[in-house]
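Subject: Structure handover

Hello,

Here is the structure for your files. My notes on it follow below.

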Amino acid sequence: GTGDQAMPKLKSGGYYVTLRGVLPKKPRADVHSNGFINSDTNLANLEVLEAIRSIVEADKLRMPNLKEYPLSQILAAFNESSAGHVVGKLVIDVPKPEEMEVV
């Protein structure tokens, strides 16, 4: 999964945090791995959130590269994704219903 792909890229002492809660199957001892669930009933993640906030405030958390595709080019986005070499995230720009052109 994503966590296993991230492990070789993270620096020693780095953090892997997932919002989905799926941790790497092959974690590294020198990397912190945490699952975060945003819920009023799950406040056990406060320590993780504080650590993330410290990283963000220290300007050490970087947003992955984003590449946007209009909905009309969704096939190109899928082709790029299926090639397996995407660095960052692909974004499909879906127009609002009132902005869509019916053909």
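Which residue just after helix 2 takes a positive phi? Asp59 does, at about 60°. This is a predicted model, in which local features need pLDDT of at least 70 and side-chain atom pairs count only at pLDDT 80 or more, while totals for chains, interfaces and linings use all residues. Residues are numbered from 1 along each chain as its sequence is written, and side-chain values use heavy atoms, without hydrogens or water.

Helices (H or I, at least four residues) and strands (E, at least two) are DSSP runs, numbered from the N terminus. Helix 2 (46–57) has 12 residues and reaches 16 Å from first C-alpha to last, close to the expected 16 Å (1.5 Å times one less than its number of residues).

Strand 3 (residues 66–70) pairs with strand 4 (residues 89–93) in the parallel sense, over 5 bridges; pairing requires at least two DSSP bridges between the strands. Between them the chain passes through helix 3 (residues 74–82), in a right-handed β-α-β crossover (clockwise from the first strand over the helix to the second, with the strands pointing away from the viewer).

The largest pocket has a volume of about 2000 Å³. A pocket here is an open set of points on a 1 Å grid over the protein atoms alone, where a 1.4 Å probe fits, with protein on both sides within 12 Å along at least five of seven lines; lining residues have an atom within 4 Å of a point. Points are joined across faces, edges and corners, and the volume is the space filled by probe spheres set on them. Of the 39 lining residues, Thr2, Ala6, Tyr16, Pro64 and Lys89 are the closest to the centre. Helix 1 gives the most to the lining, with 5 residues.

Regards
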